[in-house]
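This briefing presents one protein structure for study. Please look over the sequence and the model before reading the points that follow.

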Amino acid sequence: MTTLDTLSLEAALTAKRSSLLTQLATLRGGAPSRAQASEDHFAHREDSQAQTATERDLEFALDDHESTELRRVTAALQRLANGTYGMCADCGISIAPARLQAAPEAERCITCQEALERG
Ligand SMILES: [Zn+2]
């Protein structure tokens with residue numbers, strides 16, 4: 001397996017996460033802590049799916065792109081922490097380092113990503 005520069009990838013992801021949290025906070029007209037609370041909310045959504053569905057739909061409608069991006073970046077940081085970073089979520093092969101440098105939050109290899117986008 002090619003050695004990844006995980007430190008610089010982690011730094012890139014952390015910076016991206018901060019900037020997304022700021023953008024979300026601005027979109028919602030609140031402080032960054034509110035976006036953070038919302039993110040924690042996403043992380044635990046399985047626990048209380050029925051109760052939070054409406055609120056979540058509203059958030060997606062407001063800032064779908066940033067929310068999705070934030071979840072992907074957070075998931076990538078979690079994979080870095082648990083040692084599964086850089087493996088394709090679908091087929092399990094190592095994602096090309098060049099792809100990860102271009103998109104550190106990528107969770108699939110280019111083949112699986114293209115297959116997904118084609119449907
Ligand atoms: Zn794959």
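This is a predicted model: local features need pLDDT of at least 70, side-chain atom pairs count only at pLDDT 80 or more; totals for chains, interfaces and linings use all residues.

In which loop is Arg 108 found? Arg 108 lies in the loop between H4 and helix H5 (110–118).

**Overall make-up**
- The secondary structure consists of five helices and zero strands, and along the sequence the pattern reads α-α-α-α-α.
- Of the 119 residues of the protein, 33% count as buried.
- The protein exposes about 7,200 Å², and carbon and sulfur atoms supply 54% of that area.
- Among contacts with a separation of 6 or more, residues 24 or more positions apart account for 51%.

**The zinc site**
- Four cysteines coordinate the zinc ion through their SG atoms: Cys 88, Cys 91, Cys 109 and Cys 112, at 2.3 Å.
- Along the chain, these donors follow the spacing C-x2-C-x17-C-x2-C.
- The arrangement is tetrahedral because the four donor atoms around the zinc ion subtend angles of 105 to 116 degrees; the criterion for four donors is that all angles lie between 85 and 135 degrees.
- Two of the coordinating residues, Cys 109 and Cys 112, are buried.

**Arg 108**
- Arg 108 has a relative accessible area of 16% and is therefore buried, since buried means under 20%.
- The side chains of Arg 108 and Asp 90 are joined by a polar contact of 3.0 Å.
- Leaving out residues up to four places away in sequence, Arg 108 touches Cys 88, Ala 89, Asp 90, Ile 95, Arg 99, Gln 113 and Leu 116. One of these, Cys 88, is also a zinc ligand.

**Met 87**
- Met 87 belongs to the loop between helix H3 (49–82) and helix H4 (97–102).
- With a relative accessible area of 35%, Met 87 is partly exposed, because this value falls between the limits of 20% and 50%.
- Residues touched by Met 87, not counting those up to four places away in sequence, are Gly 92, Ile 93, Ile 95 and Glu 107.
- Met 87 and Glu 107 are 20 residues apart along the chain, and their C-alpha atoms are separated by 7.3 Å.

**The nonpolar core**
- The largest nonpolar core has 18 residues, and those with the most contacts inside it are Leu 13, Tyr 85 and Leu 100.
- The elements that give two or more residues to this core are helix H1 (6–27) and H3.
- Apart from its neighbours within four places in sequence, Tyr 85 is in contact with Leu 4, Leu 9, Leu 13, Ala 76, Arg 79, Leu 80, Leu 100 and Pro 104.

- Leu 21 is placed in helix H1, and at 10% relative accessibility Leu 21 counts as buried.
- The C-alpha atoms of Leu 21 and Leu 70 are separated by 7.5 Å, although these residues are 49 residues apart along the chain.
- Glu 66 is placed in helix H3 and counts as buried at 17% relative accessibility.
- Leaving aside neighbours within four places in sequence, Glu 66 is in contact with Leu 20, Gln 23, Leu 24 and Leu 27.

Key. Residues are numbered from 1 along each chain as its sequence is written. Side-chain values use heavy atoms; hydrogens and water are left out. Donors are N, O and S atoms within 2.8 Å of the metal (3.2 Å for Na, K and Ca); water is not among the atoms, so sites may look incomplete. Four donors count as tetrahedral if all angles lie between 85 and 135 degrees; four count as square planar and six as octahedral if opposite donors are over 155 degrees apart and all others between 65 and 115; anything else is irregular. Buried means under 20% relative accessible area, exposed over 50%, partly exposed in between (1.4 Å probe, protein chains only). Helices (H or I, at least four residues) and strands (E, at least two) are DSSP runs, numbered from the N terminus. Contact means heavy atoms within 4.5 Å. A polar contact is a pair of N or O atoms within 3.5 Å; within protein, one must be able to donate a hydrogen and the other to accept it, and residues adjacent in sequence count only if both atoms are side-chain atoms. A nonpolar core is a set of buried Ala, Val, Leu, Ile, Met, Phe, Trp, Tyr and Cys residues joined through side-chain atoms within 4.5 Å. Accessible areas come from the Shrake-Rupley method with a 1.4 Å probe; for residues, only the protein chains shown count as cover.
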